[in-house]
Each structure stands twice: as structure tokens, then as C-alpha cells.
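Trainee: Before we discuss the packing, may I see the sequence and the structure together?

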Protein chains: 2
Amino acid sequence: MGVAATSSQTTKTDGAPDFLSAVAALRALTARDLEAVNAEILARMQSPVDMIPEMAGHLINAGGKRIRPMLTLAAARLIGQDADYDGRHHVALAAAVELIHGATLLHDDVVDASILRRGAKTANIIWGNKESVLVGDFIFSRAFELMVAAKDLRVLQVLSRASSVIAEGEVLQLATQKNIAATVDMYLAVVEAKTAALFAAAAQAGALIAGAGAAGETALREYGRNLGVAYQLVDDALDYAGAEGALGKSVGDDFREGKMTLPVVYAVDRAAPEEKPFWRRVIAEGRVEAEDFDRARELMQRDNAIADTIALARRYAKAAIDNLSEVPRNEYSAALADLVESSVSRAF
Amino acid sequence: MGVAATSSQTTKTDGAPDFLSAVAALRALTARDLEAVNAEILARMQSPVDMIPEMAGHLINAGGKRIRPMLTLAAARLIGQDADYDGRHHVALAAAVELIHGATLLHDDVVDASILRRGAKTANIIWGNKESVLVGDFIFSRAFELMVAAKDLRVLQVLSRASSVIAEGEVLQLATQKNIAATVDMYLAVVEAKTAALFAAAAQAGALIAGAGAAGETALREYGRNLGVAYQLVDDALDYAGAEGALGKSVGDDFREGKMTLPVVYAVDRAAPEEKPFWRRVIAEGRVEAEDFDRARELMQRDNAIADTIALARRYAKAAIDNLSEVPRNEYSAALADLVESSVSRAF
């Protein structure tokens, strides 16, 4: 019985819905729109340059959960029921959000030299780094064209701003990598930028395009932001506590890359003086030996580094639930509540 | 006497103005706006993540000629004199155009593993490939934020479309690299996309924001497109015929990377059967030995590969001059005419 099993018991006794079931419920609720999103993405990835639809197809069909575009769709429908919205632009915006995410993944995998994503070989391994950089740029540009097609300047401001913040967060993450002195605040700044900004913008854009008032727009933006932080915290915990198959990526990736995620920040902070050289060697110097990952996990378990990461995720999830009290109660807000409640328990 | 000297005599006897003088004249004419563009760029590259302003500063202050943003500024002023335009948005758009170009350069240098640009070390050499990829993404995102701030949906369509076309052109270039069977049409498709599209969009965006009618908008877009193709053709000729110092980058870069630029397309097409294996070895197989670059240049000179590349550039330049007959005659259109007339003779 490892850390994973313990956490699983803790969360499952909460009575929270299972994460994958909550995702499936949201997918069923937005099924028709999501089909249109997929068609839009497919159409936008067409090109006489064969490599482009090939790589885009690999990336986009590789079993992603589509959480970000579903946030846009659900937010638009949630608000739209009251605001009599019956437009189609939320589909283009949801597609743009997924493409921004996809472009980011392509570049991330180059930067991290990743080999696996969602259980499949990464594009940089199949096609190469150069190809991933340039096709990522293409996908990102197409995302922008799609947003522009929705013809709403407020939405364009929100999504273009989010893109800058994401990129800034990626650079910040690279700058803090291997920095053993990184703090909780530095970690949270990275997470807010590289993950939560797009979750927030995705939900906000859906609300805006459907005609939300200021209160609804803010509530859905903050819901997205809090969900995004919770989601990333759990992701970072799973890199140490997850089971290889359940995660669909290689457990221990963050460790091998020397990423200063929250479990490491906590573990370093709580380590005894004689344990500090271990963390310095594996994180700061990047000299990782065969048994080091298991040792890291043991130290994290002893010092509650994983449990406290999950506890913090739970606080953000709670805040996201509170945000939903400001929007109409309907099947969409119920599905968004289930999503965030279950997100902390996923794969544990 | 090498190829360069011969070409120099050919072009200088045309009586065309010197290219750097024409650039300087355009810079003087747009000086006040260009200062505002530089300030806007500087402001948009601020970030608490130190690496961002550092890399952006290196890239942007590295002696670029600012031709693309000057096209936006000059087009806006050219049209604006008749259309009573006195807005400020052309400055933001010109800054966005330069940032799109800058982001492309950062990624290009990663993809090509370039060492020198404009006589200085490239960012990928100083900071690293990962850093260049991510900071390029940031600069690109900031360019979009700037465009959105100009609040003109037509301009946004033009510039977001251009970004997609550029990225598609970069992928196409990568796909044709080392392809000894590449044709003139394939080469021109790459040039139209990776270079001419941004020149065209830069001029078109300036015209649009200043209130040009359909005729003026089309004329300036086509002027930019034709100038862009001419400019790239000359650039590609210079990689074989230029003097190292004059070009500010290493002569022979394209050759070593196996790029199928027009001089190579012509040379391969005109090579005797017994010379084909030479081109296959150096371009398709990438096995380049010490004397190969000189041999390539000799074959190109014998078969007029450089001269015919320049002759084609001259045809595009002529078309660009013709485009200017559709716009008002003033100091701005005169400066744009000088720019394109001189562009073919630069550095020869």
C-alpha cells in the first residue's frame, strides 16, 4: 500500500463523484457542441503540407479529456439558458482554447524532451523537435484566427491575455527548474500562469460570448482559475503518487526533469539537514540514480508532502464550488460542481 | 572577381538608389512613429521573469532594419494624408508586426541551429533552445495582445491569417529541405508564405487602419507581397554571393542546412549528369566537405543561377512599383518606391 492508496481512501470516503465519471457526464451534456468543436478543429488543421494534419491529428486524437473546451461550452450554455443565447461562436472559441492547449503541449514536450503523453509517443519523438516547434506555431496561429472569427473584442482580449500569461508561466517554470530554493509562492505563480490562466479564460470566454453580466463573468473566470490550480496540484502529486497506467504518462517525469513542484517544495522544506544533500543532488544537480525516485517518495510520504499538496488542492476546489453560487443553478452548473469536487480524487 | 562583384556592377549601373540609403530615408520619414513603436515594444516585453526582457532586448536591439513595421507606418501615413487619419493604432500594429517577426526569428534560429544573426550570437546560443522556444511563444502572444488593442476586426483577420500562413510556410520549408527534386514553384510557395505574407499583411494593416478604400488596401498588400518575394530572393542569392561582413550573417548557412533556395534549384536543374551526384551528396545527404561551398558557387556562376535569381527578384520589384501607381503620390509612396527599387541591389 503506497501513498496513492491512502489518498484514494481519504477522498473516496468524501462521497465525491469519481473524476472520470464527472468528465463523462460533462461530455454527455455538451456532446452536440463538442462534436462541432472537433469538426472545427479538424477543418482548421487542414493544410497542403501533410505533416500538419498528421501531427495535429496525433495530438488531438490522443485521448485528451477536452476539459478546457468543455469549460467554454458549459459556461456558454450555463449563462445562455438565462440570457437567451443561441449563437454558435462558443464552438469556435472552445476549439480555439483546445488548440492553444495543444500548441502548448507540443512545445512543452520539446522543452521537457518528453517521450510519452497519454500513453502514446510524443510528436517530438515521432516527427522531431523542429517539426513540433513549427507545427505548434501553426496550431497557435490557427487558434487566433478562430478567435478572431468570433468577432468579439472583449473575448479576444481575454484569450490573447491568457496566451501571454501561459507563455510567461512556461518561461518562469523553466527559470525555477532545478532551483532548490523555490518557495510555495513561486510554485503557485507558475501554476496560476501556465495552467489556471487558460482554465479561467476558457470559462470566462464562454460566459462572455453568451452575454453574461459582470458577476457571472467573474464567477466563471474564478471558478476556472480555482479548478485549474486544483487540477495542476493533483497532477503534480500524481507524478509522485500515481500508478503508471492510470496517469497515461510516465510517473516520475517531473522528478527526472528537476521540476520544483509542490511535493518537492514541501519535501525539501521539511527535510532533515542530513537529507538536504540528497535533494540538492537529484533536483539542483540533476544526478539521479536508480533508487532515488523511491527514496523521494518515501521522504514525501513521511513528511506529508503529497497529502498536503492534495489538501491545498482541496481548498482551491472548495473555492471553485463557492464561485458557482454566483451563477444560475442548472444542469451545467451542477456538472461543473461535480467536475471540481471529483478532480481532487482523480486517479488516487 | 567573384559572383558578388559582377552582380554589383550589373545592379549599380541601373542608377537605382543604394538600399541602405533607401532604408535610412524611410526611417527618417517615419522616425517619430518608429520611436513610439520601439517604446511600445519595450513596454510589452517587460516581465518579472528576467529572461524575457533580456532575450527580447537582445533580439530587438540587434540591429534589425525594421522594414516590416516601417511598411505598416508608411502605408498608414501614405493613406492617412488623404483619409484624414490621425489615430495612433498604426503604432501598435507596427509593433505587433515586428514582434511576430521577432518570434519567428527566435524559432527559426532554433530550428536551423543558427549561431550568428546580424553579426551577433543568436539567442539559442546564448540562452538555449528551450528558452528560445518559450520566449518566442511569449513574444508571439504579446504581438496578438497588441493587435487586439487596436480594436479593428478586419486588421485582426489580416494579421492572424498572415501568422498562420507564415507558420505553414516554415513547415513547408522544413519539408522541402534536402529535397533535391524541389521545383521553382515549390520554392516560391515557401517564399510567398514565410516572407511575403508578413510584408503584405504589414502594409495592408497600415492601409486598413488609416481608412484606405478597397483599391488602396489591395495595392499596398500587393506592393508588400511583391517586395517581400524580391527581398527573400535577394537574401537567398546573398547566401551564395554575398560578402560575410555585408550580410551580417554567415554566408553559406543555407548551403550547409541543405535548403532548396532558388540558386540551388536552378543549379541542380542545369547541372550536367556527372555533376548531379555532387548536389545529391551536399544537399540531399548533407555530407558537406571543405571545398564544396566554393564548388557550388562556381557551378552557380557558370550556369547563371545567381544572376537568374536576381533577375526574378527584379521582376517582382517591378510589379511592386506598378502596385504603387494605385495609391496617392506623396513622400511616403516615393520612399516605398525607392525601397523596392534598391532592394535588388543591396549588398552586391
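Mentor: Let us begin with a pair of helices. In chain B, the axes of α9(B) and α10(B) are 8 Å apart and the helices pack at an angle of about 165 degrees. Axes are lines fitted to C-alpha atoms, for helices over the stretch in contact, and angles run from 0 to 180 degrees between N-to-C directions. Helices (H or I, at least four residues) and strands (E, at least two) are DSSP runs, numbered from the N terminus.

Trainee: Is α9(B) roughly parallel or roughly antiparallel to α10(B)?

Mentor: Angles under 35 degrees count as roughly parallel, over 145 as roughly antiparallel, 65 to 115 as roughly perpendicular and the rest as oblique. The angle here is about 165 degrees. The relation of α9(B) to α10(B) is therefore roughly antiparallel.

Trainee: What should I know about the model and its numbering before going further?

Mentor: This is a predicted model, in which local features need pLDDT of at least 70 and side-chain atom pairs count only at pLDDT 80 or more, while totals for chains, interfaces and linings use all residues. Residues are numbered from 1 along each chain as its sequence is written, and chains are lettered from A and ligands numbered from 1 in the order in which they are written.

Trainee: Is the crossing of α9(B) with α10(B) left-handed or right-handed, and how many nonpolar residues does their contact have?

Mentor: A crossing is left-handed if the near helix is turned anticlockwise from the far one by less than a right angle, and right-handed if clockwise; that of α9(B) over α10(B) is left-handed. For the classes, Ala, Val, Leu, Ile, Met, Phe, Trp, Tyr, Cys and Pro count as nonpolar, Asp, Glu, Lys and Arg as charged, and the others, Gly among them, as polar. The contact has 4 charged and 4 polar residues, and its nonpolar residues number 17.

Trainee: At what angle do α5(B) and α10(B) pack, and is their crossing left-handed or right-handed?

Mentor: Helix α5 of chain B covers residues 67-83, and its axis is 7 Å from that of α10(B), at an angle of about 30 degrees. The two helices are therefore roughly parallel. Their contact divides into 13 nonpolar, 2 polar and 1 charged. The crossing of α5(B) with α10(B) is right-handed.

Trainee: Which helix of chain A holds A:Ala207, and is A:Ala207 buried or exposed?

Mentor: A:Ala207 belongs to helix α10 (residues 184-209) of chain A. A residue is buried if 20 or more other C-beta atoms lie within 10 Å of its own, exposed if 12 or fewer, and partly exposed in between, with C-beta atoms placed from the backbone. A:Ala207 has 32 such neighbours, so A:Ala207 is buried.

Trainee: How far apart are the C-alpha atoms of A:Ala207 and A:Leu71?

Mentor: Along the chain, A:Ala207 and A:Leu71 are 136 residues apart. Their C-alpha atoms are separated by 9.6 Å.

Trainee: Which residue is 32 residues from B:Leu34 in sequence and 8.8 Å from it in space?

Mentor: B:Leu34 lies in helix α3 (residues 31-44) of chain B and is buried, with 21 C-beta neighbours inside 10 Å. Residues are in contact if their C-beta atoms, placed from the backbone, lie within 7 Å. Beyond four places in sequence, B:Leu34 touches B:Arg27, B:Met70 and B:Leu73, among others. The residue 8.8 Å away, C-alpha to C-alpha, is B:Arg66.

Trainee: What is the phi of B:Ala113, and what is that of B:Lys178?

Mentor: Most residues other than glycine have a negative phi. B:Ala113 sits in the loop between α6 and β1 (116-117) of chain B, and B:Lys178 in the loop between α9 and α10 (184-209) of chain B. B:Ala113 is partly exposed, with 14 other C-beta atoms within 10 Å, as is B:Lys178, with 17. Both values are positive: phi is about 50 degrees in B:Ala113 and near 65 degrees in B:Lys178.

Trainee: Which element gives the most to the side of chain B that touches chain A?

Mentor: The contact takes 35 residues from chain B and 35 residues from chain A. Elements giving two or more residues to the side of chain B are α4 (51-60), α6 (89-111), α8 (129-149) and α9 (153-176). With 14 residues, the element that gives the most is α9(B).

Conventions: Contact = placed C-beta atoms within 7 Å.
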